Amino acid sequence: MARRFPLVILTGAGISAESGLPTFRGAGGLWEGHRVEDVATPEAFARDPDLVLRFYDARRRALARVAPNPAHAALARLEAAWEGPFLLVTQNVDDLHERAGSKKLLHMHGELLLVRCVRCGFRARLPGDLSGRPCPNCRARPGLRPDVVWFGEIPHGLEEIRAALERCALFAAIGTSGEVYPAAGFVEEARAAGAHTVELNLEPSRTSRLFAEHRFGPASRVVPAWVDELLARS
């Protein structure tokens, strides 16, 4: 079974916070000064697309100024060494996992650097600001929106994620709040499959009691240490 048992890892905003990207709630958080209803719903985009696009343009520019941290690098190293089924599921819309080298990756909440047109369905990776920009395919304005999952929309890849959880032997959640479903329920699905469950977080999450093992501290410290231990004993 050395390095061959099925492994599923979930990452949340806490892993990217150490790279300088804000988390969603709390003082200095992403939503400070903004109501979710104004910037992160389909209704908000229909009502005031320019406000929504300015909000996400600022996030796209901020992403270009940060880099992966040791936690991202450790997970890419774990994937490269793992011989069995491996799936990294992220709630994050940034590209820091990719930049660190992760490949077996599923963005359940979409990707900030991808855009799609609400008029013609065009989808592509486009650099630069979106505000005031017509769709390259149908020229609709406004038409382009960030290809992220807003509140009220269905996350990507749920069937693939749940199939992986049903067969996994180890499930780890890193930097997650345990407040946003369906991701907050993944630990229960993994437990139902008989998996060992590990929480790696700055502090206990809302679902902390459901995990069999806990590692608390900065992701850039606890994740590389956990990866080293896992690879050493597997």
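How many bridges join β1 to β7, and which way do the two strands run? There are 5 of them, and the strands run parallel. Strands here are DSSP runs of E with at least two residues, helices are runs of H or I with at least four, and both are numbered from the N terminus. The model is a predicted one, so to speak: local features need pLDDT of at least 70, side-chain atom pairs count only at pLDDT 80 or more, and totals for chains, interfaces and linings use all residues. Residues are numbered from 1 along each chain as its sequence is written, and side-chain values use heavy atoms, with hydrogens and water left out.

The β1–β7 pair belongs to an open sheet of 6 strands, ordered β3-β2-β1-β7-β8-β9 with parallel pairing; two strands pair if DSSP finds at least two bridges between them. At the edges sit β3 (105-107) and β9 (213-216), each pairing on one side only. From one strand to the next, the twist averages 15 degrees. L7 stands opposite L170 in β7. Helix α9 packs on the sheet, where it touches β1, β7, β8 and β9, and its direction makes about 135 degrees with that of β9. Axes are lines fitted to C-alpha atoms, for helices over the stretch in contact, and angles run from 0 to 180 degrees between N-to-C directions. Contact means heavy atoms within 4.5 Å.

What about the packing? The largest nonpolar core has 24 residues, and I9, L78, V223 and W226 have the most contacts inside it. Such a core is a set of buried Ala, Val, Leu, Ile, Met, Phe, Trp, Tyr and Cys residues joined through side-chain atoms within 4.5 Å, where buried means under 20% relative accessible area, exposed over 50% and partly exposed in between (1.4 Å probe, protein chains only). At least two residues each come from β1 (7-11), α5 (70-81), β2 (86-90), β7, β8 (196-201) and α9 (219-233). Of these, α9 gives the most, with 7 residues. Contacts of L78 include L7, I9, F86 and W226. A second, separate core of 22 residues includes A44, L96, L130 and W150.

Helix α4 (residues 49-63) spans 21 Å from first to last C-alpha over its 15 residues, close to the 21 Å expected at 1.5 Å a residue; the expected span is 1.5 Å times one less than the number of residues. Its buried residues, among them V52, L53, F55 and Y56, pack against α2 (36-39), α3 (42-47), α6 (96-100), β4 (110-117) and β6.

Now for the cysteines. C135, in the loop between β5 (123-125) and β6 (144-148), is buried at 0% relative accessibility. Beyond its sequence neighbours up to four places away, C135 touches C117, C120, F122, A140 and L144. C120 is partly exposed at 35%, whereas C168 is buried at 3%.

T176 is buried, with a relative accessible area of 10%. Leaving out residues up to four places away in sequence, T176 touches L10, T11, G12, Q91, N201 and S205.
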